[in-house]
Amino acid sequence: MAGGRDRGDLAARQLVFLLPGEGATYLIDACLQKLFEIKVFKEKHHSWFINQSVQSGGLLHFATPMDPLFLLLHYLIKAGKEGKYQPLDQVVVDDKFPDCTLLLRFPELEKSLRHVTEEKEVNSKKYYKYSTEKTLKWLEKKVNQTVAALKANHVNVGARVQSSAYFSGVQVSRDKEEDYVRYAHGLISDYIPKELSDDLSKLLKN
């Protein structure tokens, strides 16, 4: 695994991505309070104005905050196929991406897990089992939150629009509700398995 090196108070780590066989780079702050997905925008013959200087190279890195639960889903779903309750340290294990255990240090983790798992406690130790029903309800809320954000930021998501663009509030209001839901579902689907995405699509249509 190509893990990053510490730079100042930030540490970059490459963690497993939800799609089989692919990897993505994520940035975790030193206090493990937030997780960011790193996207790279590369142009061969471009420069960028940054503050009062011009930076050549055409390479930009975008850090987008994301919910670590999306990454944990990969492991929870895999372990859930065994149909039994397990402690997290036995669920979140990956020989190819050993830094995945950093996800277990996020604050409020146990509270977040209630959205996607069934939980029980034995001898003061907690065990978890993946719940498809709970996960779909959680994802439905994520879609609704995304729809609200799209509307608040006046993003046009009409079927004929090939990329997100900003227009006036009047123009954006003409988009149909189903267009927003479909677009938001597509964004969420980038981080979940296809089977789960299909189930979510059916739920949203009800």
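## Helix packing and a strand hairpin in a predicted model

Helix 1 (residues 69-80) packs against helix 4 (residues 132-152) at an angle of about 155°, and their axes are 13 Å apart. That makes helix 1 roughly antiparallel to helix 4, since angles under 35 degrees count as roughly parallel, over 145 as roughly antiparallel, 65 to 115 as roughly perpendicular and the rest as oblique. The model is predicted: local features need pLDDT of at least 70, side-chain atom pairs count only at pLDDT 80 or more, and totals for chains, interfaces and linings use all residues. Residues are numbered from 1 along each chain as its sequence is written, and side-chain values use heavy atoms, with hydrogens and water left out.

Helices (H or I, at least four residues) and strands (E, at least two) are DSSP runs numbered from the N terminus. Axes are lines fitted to C-alpha atoms, for helices over the stretch in contact, with angles from 0 to 180 degrees between N-to-C directions.

| Pair | Axis distance | Angle |
|---|---|---|
| Helix 1 and helix 4 | 13 Å | about 155° |
| Helix 6 (residues 177-189) and helix 7 (residues 194-205) | within 10 Å | roughly 160° |
| Helix 4 and helix 6 | within 9 Å | roughly 120° |

Helix 1 and helix 4 cross in a left-handed sense; a crossing is left-handed if the near helix is turned anticlockwise from the far one by less than a right angle, and right-handed if clockwise. Leu 69, Phe 70 and Leu 73 of helix 1 make the contact with Thr 135, Trp 138, Leu 139 and Lys 142 of helix 4, where contact means heavy atoms within 4.5 Å. Five of these residues are nonpolar, one is polar and one is charged.

Two aromatic pairs are counted in the model, with ring centres required to lie within 6.5 Å and planes classed as stacked under 30 degrees apart, edge-to-face over 60 and tilted for the rest. In one of them, the ring centres of Phe 70 and Trp 138 are 4.9 Å apart and the planes are at 45°, so the pair is tilted. Because Phe 70 lies in helix 1 and Trp 138 in helix 4, this pair ties together parts that are 68 residues apart in sequence.

Helix 4 and helix 6 are oblique to each other, and their crossing is right-handed. The contact includes Leu 139 and Lys 142 of helix 4, and Val 181, His 185 and Ile 188 are among the residues of helix 6. By class, this contact has ten nonpolar, two polar and three charged residues.

Helix 6 and helix 7 are roughly antiparallel to each other, and they too cross in a right-handed sense. Here Val 181, His 185, Ile 188 and Ser 189 of helix 6 meet Ser 197, Leu 200, Ser 201 and Leu 204 of helix 7. This contact divides into four nonpolar, four polar and no charged residues.

**The hairpin**

Strand 8 (residues 117-122) and strand 9 (residues 125-130) run antiparallel and are joined by six bridges; two strands pair if DSSP finds at least two bridges between them. Thr 117 stands opposite Tyr 130, and Glu 119 has Tyr 128 as its bridge partner. The two strands form a hairpin with two residues between them, and Asn 123 in the turn has a positive phi of about 50°.

Definitions and conventions: Nonpolar A, V, L, I, M, F, W, Y, C, P; charged D, E, K, R; others polar. Phe/Tyr/Trp six-rings, centres within 6.5 Å; stacked < 30°, edge-to-face > 60°.
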